[in-house]
Amino acid sequence: RGWELLLTGMPPPCQPLHGWLLGYCAGLTLLPFCCTLAGPLVAFWAAMGVFLRSHMLSGCQQASPGIYKFVDEVLYCSLGTCVCVAIATGFLWLLRRRGLR
């Protein structure tokens, strides 16, 4: 979805999010090569998107609601991923601990 938003163009009020979106898409493409850091990196990048968006004029929301809402989608999905990775890590730790007994 991010690449689609990049290809449709970025209106002038949303230009600060263009660099963020480009970095997000490029990082997501390279993510399989560094999967251990994936969850925290994406969560950090999502937080940066929220920070950038909070310092923009309201014109971006009117000019391109898709990119404006995409920041929230990335944030919620990345936080959910971090929670799932933490739970899976906890389960693996428990399994290894029971396996050593």
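A nonpolar patch on the surface of the predicted model is formed by Val83, Ile87, Phe91, Trp93 and Leu94. Together these residues present about 530 Å² of accessible area. One of them, Trp93, is located in helix α5, which spans residues 65-100. Trp93 has a relative accessible area of 52% and is therefore classed as exposed, the cut-off being over 50%.

In soluble globular proteins, nonpolar side chains tend to be buried together. In this model, the largest nonpolar core comprises 20 residues. Those with the most contacts inside the core are Leu17, Trp20, Leu21, Tyr24, Cys60, Ile67 and Phe70. At least two core residues come from each of the helices α1 (2-8), α2 (15-30), α3 (38-54) and α5. The greatest contribution is that of α5, with 6 residues. When residues up to four places away in sequence are not counted, Tyr24 touches Val42, Trp45, Phe70 and Val74.

Helix α5 also contains Ser78. The relative accessibility of Ser78 is 2%, so this residue counts as buried, for which the limit is under 20%. A polar atom of the Ser78 side chain lies 3.0 Å from the backbone oxygen of Leu75. With residues up to four places away in sequence again left out, Ser78 is in contact with Val42, Ala43 and Ala46.

Methods. Residues are numbered from 1 along each chain as its sequence is written. This is a predicted model: local features need pLDDT of at least 70, side-chain atom pairs count only at pLDDT 80 or more; totals for chains, interfaces and linings use all residues. Side-chain values use heavy atoms; hydrogens and water are left out. Patches are made of residues with over 30% relative accessible area and no salt bridge: like charges are joined within 9 Å, nonpolar side chains (Val, Leu, Ile, Met, Phe, Trp, Tyr) within 5 Å. Accessible areas come from the Shrake-Rupley method with a 1.4 Å probe; for residues, only the protein chains shown count as cover. A salt bridge is a side-chain nitrogen of Lys or Arg within 4 Å of a carboxyl oxygen of Asp or Glu. Helices (H or I, at least four residues) and strands (E, at least two) are DSSP runs, numbered from the N terminus. Buried means under 20% relative accessible area, exposed over 50%, partly exposed in between (1.4 Å probe, protein chains only). A nonpolar core is a set of buried Ala, Val, Leu, Ile, Met, Phe, Trp, Tyr and Cys residues joined through side-chain atoms within 4.5 Å. Contact means heavy atoms within 4.5 Å. A polar contact is a pair of N or O atoms within 3.5 Å; within protein, one must be able to donate a hydrogen and the other to accept it, and residues adjacent in sequence count only if both atoms are side-chain atoms.
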